[in-house]
Amino acid sequence: MNMIQAINSALDVMLGRDDNVVVFGEDVGYFGGVFRATAGLQKKYGKTRVFDTPIAEGGILGTAIGMGVYGLRPVAEIQFADYIYPAFDQLVSEAARLRYRSGGEFWAPITVRAPCGGGIFGGQTHSQSPEGVFTHVCGLKTVIPSNPYDAKGLLIAAIEDDDPVIFFEPKRIYNGPFDGHHDRPLQPWSKFPQSEVPDGYYRIELGKAAVARPGSAVTVLAYGTMVHVCLAAVEETGIDGEVIDLRTLVPIDLDTIVESVKKTGRCVIVHEATRTSGFGAELSALVQENCFYHLEAPIERVTGWDTPYPHAFEWQYFPGPARVGRALKKVMEG
């Protein structure tokens with residue numbers, strides 16, 4: 001399976017297991033979504049379980065919160081993560097606070113799916129990675145898978161979770177892993193073991209990172225598309241980097257991070273989102289606070305630039321393996 005098929009399979013499994021699960025968003029019903037992640041689900045489960053909405057993100061999330069309060073488990077799609085901002089107040093002021101302000105009497109078991117990231121020449125309004133904004137909000141969980149197997153297991157866990165989960169899907173790796181070399185042919189997921197996705201139910205616990213590549217020289221922290229970029233950079237530089245796929249940003253698997261950095265003594269953090277106040281800053285602080293006496297060099301961050309995502313300079317903005325490689329060499333020299 002590719003990632004689109006894995007996400008579709010997860011939704012299919014949960015719609016079949018639990019009558020309280022409903023799926024909705026712009027064009028997700030009859031059309032099956034712009035990326036076809038919900039293809040065939042309306043025909044199988046009907047228009048009351050899988051349905052289209054108006055182009056009104058605030059209304060989509062407001063509806064989802066109301067459904068959650070009344071016992072449903074809504075899965076709402078925001079067609080592109082860039083357009084999640086009109087729903088920000090609903091997510092932050094309502095969904096994230098509901099359990100706390102009601103003293104545990106009500107909660108919002110909602111999952112918000114949103115394709116994110118660049119590498120497809122989507123320009124400034126179809127390429128953003130807004131995950132850092134949501135990791136700042138108490139009460140929200142933030143998930144970003146890097147492969148089909150994880151995407152299905154994490155999405156099932158997100159739907160079963162009783163708190164609101166923002167589930168970002170890096171659209172550049174929907175059909176195959178992307179190592180940052182845009183001038184090379186696309187490699188389909190079928191050539192990689194992570195495409196072997198079981199048809200039935202399984203879940204991956206939120207808050208558990210994965211070691212994408214073991215190593216002893218430097219710890220590389222990444223998520224989503226950047227996991228593949230970092231794997232390419234490690235191979236091309238010949239540096240024995242340990243690449244950690246965070247999978248979920250909140251909750252964060254601090255134990256895996258600390259164990260790795262204490263072993264390697266060096267750390268490079270990579271994400272596609274803008275640098276200032278990006279999630280990499282939080283990761284850097286966590287590593288410094290917990291591993292200070294083990295560090296042999298300053299922590300390095302490789303990120304997008306503090307600009308809107310440029311259409312003409314897509315690959316200058318996108319943190320590719322060359323930029324990651326320079327950071328790896330710098331921490332080794334340090």
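**Salt bridges and helix packing in a predicted model**

At 6% relative accessibility, Glu242 is classed as buried (under 20% relative accessible area; exposed is over 50% and partly exposed in between, with a 1.4 Å probe and protein chains only). The structure is a predicted model, in which local features need pLDDT of at least 70, side-chain atom pairs count only at pLDDT 80 or more, and totals for chains, interfaces and linings use all residues. Residues are numbered from 1 along each chain as its sequence is written, and side-chain values use heavy atoms, with hydrogens and water left out.

Glu242 forms a salt bridge with Lys263, the closest N and O atoms being 2.6 Å apart (a salt bridge is a side-chain nitrogen of Lys or Arg within 4 Å of a carboxyl oxygen of Asp or Glu). Lys263 is partly exposed, at 47% relative accessible area. A search of the whole structure finds 15 salt bridges. Another of these joins Lys141 to Asp161, with 2.8 Å between the closest N and O atoms. Lys141 is partly exposed at 22%, whereas Asp161 is buried at 15%.

The axes of helix α1 (residues 3-17) and helix α7 (residues 148-160) come within 8 Å and cross at roughly 30 degrees. Axes are lines fitted to C-alpha atoms, for helices over the stretch in contact, and angles run from 0 to 180 degrees between N-to-C directions; helices are DSSP runs (H or I) of at least four residues, numbered from the N terminus. The two helices are therefore roughly parallel to each other (angles under 35 degrees).

Key. Parallel < 35°, antiparallel > 145°, perpendicular 65-115°, else oblique.
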